[in-house]
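Hello,

Here is the structure I promised to pass on to you.

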Amino acid sequence: MRTSFFAFLLLAGLGACQSGPNEQPATTAAATATAPDTAAYPAAPGFDEKGSDPRALRLADKVMQAMGGYRAWQQARLFGWGFLDGSYQLWDKQTGNFRWQKDSLVALCNLSTRQGKVYRAGQDVSATPEGQKLLADMYPIWVNNSWWLLMPFKLKDSGVTLTYHGVGKLMDGTLAEVLHMTFKNVGVTPDNKYEVLINPKTNLVEEWAFFPKATDAQPAFRRRWAGYQRYGQLLLATDRTDGKDSRALGHVSVTQQVPAGLMQNPKPVAKL
């Protein structure tokens, strides 16, 4: 699963359903360390194991363990986060239900069936042109917005080819291990490429770069993947700045329980 064209459009200044279920803050990753989860991190069916290289796979395993481990990722159920365009979303990883809201507009859909409803101020507007367009966009919105939150957990997803590209530097000059992610017949925009930079001291992704085409020599953007805090059993990063702006994800939450009626509520809900 990967980002869509929405990522590039958002960064250009415009506003901004895996087709089925998979899947106290601290100031530093070290301060939040718990007993390591050593459960195996299996590649998803369709991951390009032959095209990927062993060193890249070992680094992906280290990233998964540093962020809480594969078992914790599997057990995490309800993810909530505010996106860069002012929207707020909730994703039930177990059922595939996805809830998106912005101002008085609420969209509910299931990522497996692609069926859903759209409401404005609590009134059903699913049949209107506005409602139909938003329902059609819900899957790519989820692909894009969840990618900006959860990309390090997707290094061995279906369709991904993961390769090692040596030692590079973060924007601040810190040495980092460099991975490239490319894609085969998967996601909304399979021509994309990502450069993922991992700090070998923390085994955490600390920077990423987005290439609209895998053949592009220069990325469309390069941004931090920083500001890690613990949410439930997982470490997640919210800082997406490029050194010039203050872009960040907000209102992040991870729980193993879904409050009754939350994912069906037609009105905007309080951020968790």
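Leaving out residues up to four places away in sequence, which residues does Thr241 touch? Please keep in mind while looking that this is a predicted model. The residues that Thr241 touches are Met171, Arg223, Arg224, Ser246 and Arg247. Thr241 sits in the loop between β13 (234–239) and β14. With a relative accessibility of 11%, Thr241 counts as buried, because the cut-off for buried is under 20%. Its side chain also makes a polar contact, at 2.8 Å, with the side chain of Asp239.

Now for the overall picture. The chain has 272 residues, and 53% of them count as buried. Its secondary structure consists of four helices and 14 strands. The accessible surface is about 12,200 Å², with 52% of that belonging to carbon and sulfur atoms.

Seven of the strands make an open sheet, and their order is β6-β5-β4-β3-β2-β1-β14, with antiparallel pairing. At the edges are β6 (123–124) and β14 (250–255), each of which pairs on one side only. Arg99, for instance, has Leu108 in β4 as its bridge partner.

Ser87 is buried, at a relative accessible area of 1%. The Ser87 side chain makes a polar contact with the side chain of Trp100 at 3.4 Å. Setting aside neighbours within four places in sequence, Ser87 is in contact with Trp81, Gly82, Trp100, Gln101, Lys102 and Asn145.

On to the nonpolar interior. In soluble globular proteins, nonpolar side chains tend to be buried together. Here the largest nonpolar core holds 64 residues, and those touching the most other members are Phe79, Phe98, Met151, Leu162, Met181 and Leu236. Helix α4 (residues 129–150) supplies the largest share of this core, 11 residues. Another core, of six residues, lies apart from it and includes Tyr88, Leu90, Leu262 and Val269.

Phe183 and Tyr194 form another edge-to-face pair, because their ring centres are 6.1 Å apart and their planes stand at 85°. Phe183 belongs to strand β8 (residues 175–183) and Tyr194 to strand β9 (residues 193–199), and 11 residues separate the two in the chain. Both Phe183 and Tyr194 are buried. They also belong to a cluster linked by ring pairs, whose members are Phe83, Trp147, Trp148, Phe183, Tyr194, Trp208, Phe210, Phe221 and Trp225.

Note on methods
Residues numbered from 1 in each chain as written. Predicted model: local features only at pLDDT ≥ 70, side-chain atom pairs only at ≥ 80, totals over all residues. Heavy atoms only, no water. Buried < 20%, exposed > 50% of the residue type's maximum accessible area, 1.4 Å probe, protein only. Areas by Shrake-Rupley, 256 points an atom, 1.4 Å probe, with all protein chains shown as cover. Core = buried A, V, L, I, M, F, W, Y, C linked by side-chain atoms within 4.5 Å. Polar contact = N/O pair within 3.5 Å; in protein donor to acceptor, adjacent residues only side chain to side chain. Contact = heavy atoms within 4.5 Å. Pairing = 2+ DSSP bridges. Phe/Tyr/Trp six-rings, centres within 6.5 Å; stacked < 30°, edge-to-face > 60°.
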